[in-house]
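Here is a short report on strand pairing and helix packing in one protein.

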Amino acid sequence: MNLFARIPMPIAVCDASGAIILANPAMTAEWGETSGALRGRSVLELFRPDEETQVLRIAEAVRLGRRSRYPVAVRWEAADGMRRHGELTAEPVSETADEVPGLLVLLRVLGEEHAPAAEPVEAATPAEARILALLAGGATTAQAARGTGLTTDGVTYHLRRLTARWGASNRTELVARAYALGVLTPGVWPPVA
């Protein structure tokens, strides 16, 4: 066990499902944790595979009892705030051929990058802010059109522009972002821009 703790490469021993049983200090340091803090956590919770299908193929190979090394390209955000990428190699290990194997997981860090700064979000126009206030109050597209003096196509146009500009996936997210960005005034009913 002393040798395991001294290996400078991040290493973990996992059960067949990928839950960590034991991690060496190099692995726990990658997450800013102390020894034992990673126990029970899934390796896939910590590292994001570049290709999900790799993980499915490995799980199937382990289930079928194949003994080989399985490299997976992964990305993660380390405890120091750096985004890293590397290779996670899982190797099935067991005492006997009949036993369900555990996994010896080795991490090779290949590079890092600073997390990009958040890009500034373009504010809403007065017309867009008014539409968002009406939607936050429960208005339909037709009601928002009447409330702003626009056509329904005009309201839809403004909503599509906002959706693209703010990267929102639906109207609920648009309204939430409007509150988060200060376009709508929190704590006021009916909503106002």
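Pro71 has Thr89 in E5 as its bridge partner. This is a predicted model, where local features need pLDDT of at least 70, side-chain atom pairs count only at pLDDT 80 or more, and totals for chains, interfaces and linings use all residues. Residues are numbered from 1 along each chain as its sequence is written, and side-chain values use heavy atoms, leaving out hydrogens and water.

Strands (E, at least two residues) and helices (H or I, at least four) are DSSP runs, numbered from the N terminus. Two strands pair if DSSP finds at least two bridges between them. The pairings of E4 (residues 70-77) are tabulated here.

| Pair | Sense | Bridges |
|---|---|---|
| E3 (residues 48-49) and E4 | antiparallel | two |
| E4 and E5 (residues 82-93) | antiparallel | eight |

Arg48 stands opposite Arg75 in E4. Four residues separate the strands in the hairpin of E4 and E5, where Gly81 takes a positive phi near 85°. The covered face of E4 carries Tyr70, Val72, Val74 and Trp76. Pro71, Ala73, Arg75 and Glu77 form the uncovered face.

Now the helices. In H6, Thr141, Ala144 and Ala145 are buried (under 20% relative accessible area, 1.4 Å probe, protein chains only). They lie on the same side of H6, because they cover an arc of only 105° around the axis. Their cover includes helices H5 (126-136), H7 (152-166) and H8 (171-180). Just after H6, Gly149 takes a positive phi of about 75°.

Confidence is given as pLDDT, from 0 to 100 for each residue. The protein averages 84, and 88% of the residues score at least 70.

Notes
pLDDT is the predictor's confidence in each residue, from 0 to 100. Buried means under 20% relative accessible area, exposed over 50%, partly exposed in between (1.4 Å probe, protein chains only). The arc is that of the directions from the helix axis to the C-beta atoms. Contact means heavy atoms within 4.5 Å.
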